[in-house]
Amino acid sequence: ETKRDQLIDILANSQNGFISGQELSRNLQISRTAVWKHINELKKDGYQFEAVPKRGYRLLSRPSAVNESTIKWDLQTEWLGQSLVFKDEVDSTQNIAHQLAREGAVNGTTIIANKQLHGRGRLNREWVSHHDDGIWMSMILRPEMAPCHASQMTLFTATSVVDTLAKFANIPVKIKWPNDLFINDKKFCGILTEMQAELDHIEYMVIGIGINVNQESMSFPEEIRQKSTSLAIETQEKWDRRVLIQQLLVDFETTYREFLTQGFSYVKDKWTNNAYKLGEKVLVNMPKKSFEATIEGITDDGALLVRTIDNNIEKIYSAEIHW
Ligand code: BTX
């Protein structure tokens, strides 16, 4: 942690009282002048202080900017995002996460960027994320579980995002199998899980979450405009990305703990309760057959359960589905 980060932590933790320059200088083991310089830097970055002679400094407000220190400031997680990398522009946060994971980054390390030049979805599809109007983040996890449970991790990520959004707005968020989030039949969030694993052991996982937050309809490229939406479009107001990021991290950490202690049934019920087109008819296209079926839910291994017209239940692991 840099001196600047430590200073922010100390000020944030004593928001109700003043801290003198002397005390700060002693705690941080830097000179009074250095403290004063840091404070001035923070002011430039949008932090506001009340400064009273002889009593010291009190932090009044932090900038609304999204960056490493504003996200980490009063982040209420134990381990997730406590190691945080924030960049203005990256190729893809997934790539950075893989690189850091290979170099030994700790469990919970999170990478967030304002813009991605080559954000990606599943099967190397493009994920549009060129502007700082969404949340583009990747989390490194080192779960002690067999690789066969990995698909459960992707499913519970979706449920944790649903939990988070419910805290901010009353919007009908639906989970479309396997892992996209929809509002009013339009996609606003995608989840991408990648992992490095041996047969019996996960070395690390990278869970990527992309959320359209403040886009206007016209800001989407034409090819996806009709089928994409953002939180701002759906709620008619701009969202504070920093607050949303912090809550996502808190809820993910909580859901993860519950998943590890209570197992998958907890996640499964939540997933099913929020499933897109639950009980409705879709068309399932597989390489060798194509049939109509009703969405019933998911299985423990992450397959989609459908009921065929002749009342058979089928498990679908991969198929093209016409919703
Ligand atoms: P997916 O393969 O399910 O979805 C990709 C498809 O979604 C695209 O082919 C396109 O049709 C559509 N699409 C692309 N961009 C958007 C968008 N912004 N909003 C709505 N629809 C879109 C979903 O993949 C997983 C996406 C994960 C993205 C995160 S962002 C942080 C991390 N870094 C990174 O490169 N990917 C992940």
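**Ligand shell, cores and domains of the predicted model**

An unreviewed UniProt entry annotates Q116, R120, G121, R122 and K187 as "binding site"; UniProt positions follow the numbering used here, feature names are shortened, and annotations may be inferred rather than shown by experiment. Residues are numbered from 1 along each chain as its sequence is written. The model is predicted: local features need pLDDT of at least 70, side-chain atom pairs count only at pLDDT 80 or more, and totals for chains, interfaces and linings use all residues.

Two of the annotated arginines, R120 and R122, are located in the loop between β4 and β5. Strands (E, at least two residues) and helices (H or I, at least four) are DSSP runs numbered from the N terminus. R120 counts as buried because 21 C-beta neighbours lie inside 10 Å, whereas R122, with 14, counts as partly exposed. In this scheme a residue is buried if 20 or more other C-beta atoms lie within 10 Å of its own, exposed if 12 or fewer, and partly exposed in between, with C-beta atoms placed from the backbone. Beyond its neighbours within four places in sequence, R120 is in contact with S92, Q94, R125, E126 and W127; contact requires C-beta atoms, placed from the backbone, within 7 Å.

The shell around the ligand comprises 27 residues, of which S92, G121, G190, G208 and G210 come nearest. A residue is assigned to the shell if its C-beta atom, placed from the backbone, lies within 6 Å of the molecule. At least two shell residues are supplied by each of α5 (93-102), β5 (134-141), β8 (186-198) and β9 (201-212). By class, 13 shell residues are polar, eight nonpolar and six charged. Here Ala, Val, Leu, Ile, Met, Phe, Trp, Tyr, Cys and Pro count as nonpolar, Asp, Glu, Lys and Arg as charged, and the others, Gly among them, as polar.

K186 belongs to strand β8 and is partly exposed, with 17 other C-beta atoms within 10 Å. Residues up to four places away in sequence aside, K186 touches K227, S228 and T229. The C-alpha atoms of K186 and T229 are 5.7 Å apart, although 43 residues separate the two in sequence.

The chain is divided into domain 1 (3-61), domain 2 (68-273) and domain 3 (281-322), with bounds from an automatic or database domain assignment. Between the C-alpha centres of domain 1 and domain 3 the distance is 59 Å. In an unreviewed entry, UniProt lists residues 68-260 as "domain: BPL/LPL catalytic"; this stretch is 33% helix and 28% strand, and its end C-alpha atoms are 28 Å apart. Residues 21-40 are listed by UniProt, also from an unreviewed entry, as "DNA-binding region". Over residues 21-40 the chain is 85% helix and 0% strand, with 13 Å between the end C-alpha atoms.

A nonpolar core is defined as a set of buried Ala, Val, Leu, Ile, Met, Phe, Trp, Tyr and Cys residues joined through C-beta atoms within 7 Å. The largest has 59 residues, and I140, A158, V161, M205 and I207 touch the most other members. Helix α6 (residues 150-168) gives the largest share of this core, eight residues. The core lies between domain 2 and domain 3, because both give residues to it. Not counting residues up to four places away in sequence, I207 touches S138, M139, L141, M153, T157, I191 and T193. Another core, of nine residues, lies apart from the largest one and includes L7, L24, V35 and L42.

Key. Two residues are in contact if their C-beta atoms, placed from the backbone, lie within 7 Å.
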